[in-house]
Amino acid sequence: MKKVKFIIGSGIGLLLLALFVYWQNNDIVITKSNYVSERVPTDFNDFDIAHISDLHNKSFGKNQSLILKKLNSLSPDIIVVTGDLVDRRKYDLASAMEFIEGAVKIAPIYYVSGNHEAWSGEYSTIKERLEHAGVNILGTSAKSIDNAEDRHKFSSMLDMLEIDQPRWRELTTLNEIHHFADEVGFPLLVRPSYVLSGAAMNVCSNKSEMERFLTLATEVSSKYPVVVSEFIEESKEIEMDAVAQNGELVVYAISEHVEFAGVHSGDATILFPAQKIYVQTARRIKQITRQIAKALNITGPFNIQFLAKDNDIKVIECNLRASRSFPFVSKILKINFIELATKVMLDIPVVKPEKSAFDLDYVGIKAPQFSFTRLQKADPVLGVDMASTGEVGAIGNHFDDALLTSMLAVGYRVPEKNIMISSGGTKSKVALLDACRLLQKNGYALYATGGTQKFLEENGVNSIFVAWPDDENATLKVNDMIAEKKFDLIINIPKNLTERELTNGYRIRRSAIDYNIPLITNARLASAFINAFCRITSEDIEIKHWKEYTD
């Protein structure tokens, strides 16, 4: 008689159980009941796989006893539960845990980590409850997840390993916060204790900004104290995507953000393999990654975010899950990180890739896709809050090739003649100067707001002055020209949070979106884009199949 297996949930759990069944050489019988709503045919050595997909309906709690009775009658050898079952967006957690406690008496339960981001800082607690109930956890242990998610525990671990991190403190009073600001200096990153996709996180450049944003943070999560962190300006953000088995590194990928740190990783333009970091920086990042993987005894996928400035490396955070860049680096390397992660979680032997697999003669760019045109009145500016709704991956023979391909793919256009620049503060003005010189050399007509026009003139770059939107007496106003679609590209770099700067900057950015004119709000990305389309044209981009690069 064939063995009976139940899969409860969906998604990655289905793949994991398929591999588990293959490795254990067991069959699965499709069982029919009111609670098995669909059959998922999987050609996996002729094994049939079924899963329960409608346990999240409102009758789940009422029908638990019927489901358990059905399970008991089938006498399964194992029961596999995916992360969906403890997803609070679908199920009542108390009912789910009650069901698990009943099911574990019937057969051993294997828990497959699923969509745990839904739980933010509570995921480790869920895993601990599952372990306490006698469920077998596949992958990294609940204790290790808690050590990575809890800021105090993770920070203590880094200190013990002598790994540097930005200075931070969890504070409960305004006086404590001001004292920390005096000690560390501005800018500072302010956030509530638990955040998702950067919600309520803000970079503050002075005390008045900090007090304003503290109000925002405490409104979002008044239950938790506020975390204030050192913000290191003009530092590179570098990401490590990796898979480990029992604390030993199996495969890794180091990528870098085109933008300086301060842009959410979901909104950043990511370059892989990293092209513009020191060899010593890359070496140190690999050393730190191995230390953290061993200390947390990681089995499965993980992502570490680093800050790097002048070979000074600091760890921002470590997430014990697959990041959004996992599929991207897998495509570029032609190494399936998720497949490796799945196998190590199931204790299936894996072979580490040869070092030559990381020696690439091409580069990849992951560019974000935004939907600001559909979000009326939203300010289309990049920051620590995540705003993108999608992304594009592109491969090129070199950086300019890949960047231009990716930017065109997400909706940018190579400008034909007129470019408007409002370059923000002194640092971003300097950062854009060479790019502006290149534009002038290539025959582009530059238009600039007051401070930018003066700076460009002082540095030998010709530009035409255009007034801010609130200048009622001006003859040439930027918003009028935007409405007339006189510009092919608008570069607007936010300067500070004064009322006039905020209002005028917002009106320029919002008008660019509303009139469908390409907009860039980051100086480093603007410079990279300008360099790319001035060095090569869209006709120079080679159209190749992915395999032409990777084979």
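Is C204 buried or exposed, and what is its relative accessible area? Select C204: this residue is buried, with a relative accessible area of 0%. Here buried means under 20% relative accessible area, exposed over 50% and partly exposed in between, with a 1.4 Å probe and protein chains only.

The model is predicted, so local features need pLDDT of at least 70 and side-chain atom pairs count only at pLDDT 80 or more, while totals for chains, interfaces and linings use all residues. Residues are numbered from 1 along each chain as its sequence is written, and side-chain values use heavy atoms, with hydrogens and water left out.

Next, display the whole chain. Its 551 residues are 53% buried, and its secondary structure consists of 18 helices and 22 strands. These are DSSP runs numbered from the N terminus (helices: H or I, at least four residues; strands: E, at least two). Switch to the surface: the chain exposes about 25,700 Å², of which carbon and sulfur atoms supply 47%. Accessible areas come from the Shrake-Rupley method with a 1.4 Å probe; for residues, only the protein chains shown count as cover.

Now select residues 426-441, which form helix α13 and include K429. K429 has a relative accessible area of 12% and is therefore buried. Beyond its neighbours within four places in sequence, K429 is in contact (heavy atoms within 4.5 Å) with S423, G424, G451, T452 and F455. Across the chain, 69% of the contacts with a separation of 6 or more join residues 24 or more positions apart.

Finally, select C436, which counts as buried at 2% relative accessibility. The structure holds zero disulfides, a disulfide being a pair of cysteine sulfur atoms within 2.5 Å.
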